[in-house]
Amino acid sequence: MEVVIRPNAEAAADLVARVIAREMRGNPRLVMGLATGNTMESVYARLVQMHGEEGLDFSACRTFNLDEYVGLSSNHINSYRHYMNHHLFLQVNIDLQNTHLPDGMAADLVAECANYERLIAGNGGIDLQLLGIGQNGHLGFNEPLSALRSRTRVKILSPVTRAQNAPLFPRPDLVPHRAITMGVGSILDCRRCILLATGEEKAAIVAKAVEGPITSMISATALQLHPECTLILDEAAGSQLKESDYYHWVFENQPEWEPFRAASSPIAKNGFQAKHQLEKQPVEAMSDVLE
Ligand code: GLP
């Protein structure tokens, strides 16, 4: 796992969009796993901008969203299909046939979930999975106690999640009680994961996800098992992490981040180095360093 902390939410979303764009340019047939929520809106806005200004080409890529509410049709304003069409799909040159979300109106929800898994596998699996995080640490709608090996299925939404998503609905009681979501195991199967979290209200759960023990109570902790997972945060969302100096150090020194370090901070780099050198000095040598 890597943790990248950017100065603000805009810079964090910009970095996520630039990583996605690089992957798309490297593989025009990229299979992307997509997420919804307020946090993702600025990532999609940036991708739309790159499409318009730099010709970022979506024509051959394929997408699979994490989840969809049960009981909302695709043209319902609160459905995730509507969200994706509005924020991304209808603003870029993607072929809508290549965009997939679970069907929350399916007559047979169990069959729909199995079919969604088959469809992902039939497309060769997900190359790059974009993730947000709920206030209770869910990924997609993997609510507390979601098995770490779970696959796409129907989940009951927790009171915390229903309350978190209620402002988007005309009335809180209109928030659906269930959703189809890719499982934690389905998410862990993707080749690379990028989780974006911004804002102080995510700080406590982000700290648990990164530095806490792995537990099915917080599905995001399962990302510690993923071999290629990056969390991109703003300062506020990273504010409760204990080892942020170390995460800055990795970002500043990891060659893979070289093209993305335009606004890098030499203070973080040298500060961490100096602090560690000081910690390693024998007591008698400290006065030399401090003079
Ligand atoms: C919903 C989605 C999640 C998303 C979460 C965070 O619950 N199912 O995939 O991560 O919202 O939303 P926000 O970015 O609005 O905090």
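This is a predicted model: local features need pLDDT of at least 70, side-chain atom pairs count only at pLDDT 80 or more; totals for chains, interfaces and linings use all residues.
I count a residue as buried if 20 or more other C-beta atoms lie within 10 Å of its own.

**Entry: strand β6**

I looked up which way the side chains of β6 point. Leu 128 and Leu 130 go one way, Gln 129 and Leu 131 go the other, and all of them are buried. So what lies alongside? I found that β6 (residues 128-131) pairs with β9 (residues 192-197) in the parallel sense, over four bridges. Leu 128 has Arg 192 as its bridge partner in β9, and Gln 129 stands opposite Cys 193 of that strand. I then checked β2 (residues 31-34), which runs parallel to β6 and is joined to it by two bridges. Here Gly 33 is bridged to Gln 129.

**Entry: the whole sheet**

Next I traced the strand order. The sheet is open, with seven strands in the order β1-β10-β9-β6-β2-β3-β5 and parallel pairing. Which strands sit at the edges? I noted β1 (2-6) and β5 (99-100), each of which pairs on one side only.

**Entry: helix α7**

I asked which residues of helix α7 (residues 203-211) are buried, and listed Ile 205, Val 206, Ala 209 and Val 210. They span an arc of only 125 degrees around the axis, so they are on the same side of α7. I then looked for what the buried residues of α7 pack against, and found β1, β9 and β10 (229-234).

**Entry: the nonpolar core**

The largest nonpolar core holds 70 residues, and those that touch the most other members are Val 16, Ile 133, Ile 194, Leu 195, Leu 196, Ile 232 and Leu 233. Helix α1 (residues 9-26) gives the most to this core, with eight residues.

**Entry: around the ligand**

Last, I turned to the ligand. Which of the 14 residues around it come nearest? I wrote down Gly 37, Asn 38, Thr 39, Gly 132 and Gly 134. The elements giving two or more residues to this shell are α2 (38-54) and α5 (159-165).

Conventions: Residues are numbered from 1 along each chain as its sequence is written. A residue is near a molecule or strand if its C-beta atom, placed from the backbone, lies within 6 Å of it. Two strands pair if DSSP finds at least two bridges between them. A nonpolar core is a set of buried Ala, Val, Leu, Ile, Met, Phe, Trp, Tyr and Cys residues joined through C-beta atoms within 7 Å. A residue is buried if 20 or more other C-beta atoms lie within 10 Å of its own, exposed if 12 or fewer, and partly exposed in between; C-beta atoms are placed from the backbone. The arc is that of the directions from the helix axis to the C-beta atoms. Two residues are in contact if their C-beta atoms, placed from the backbone, lie within 7 Å.
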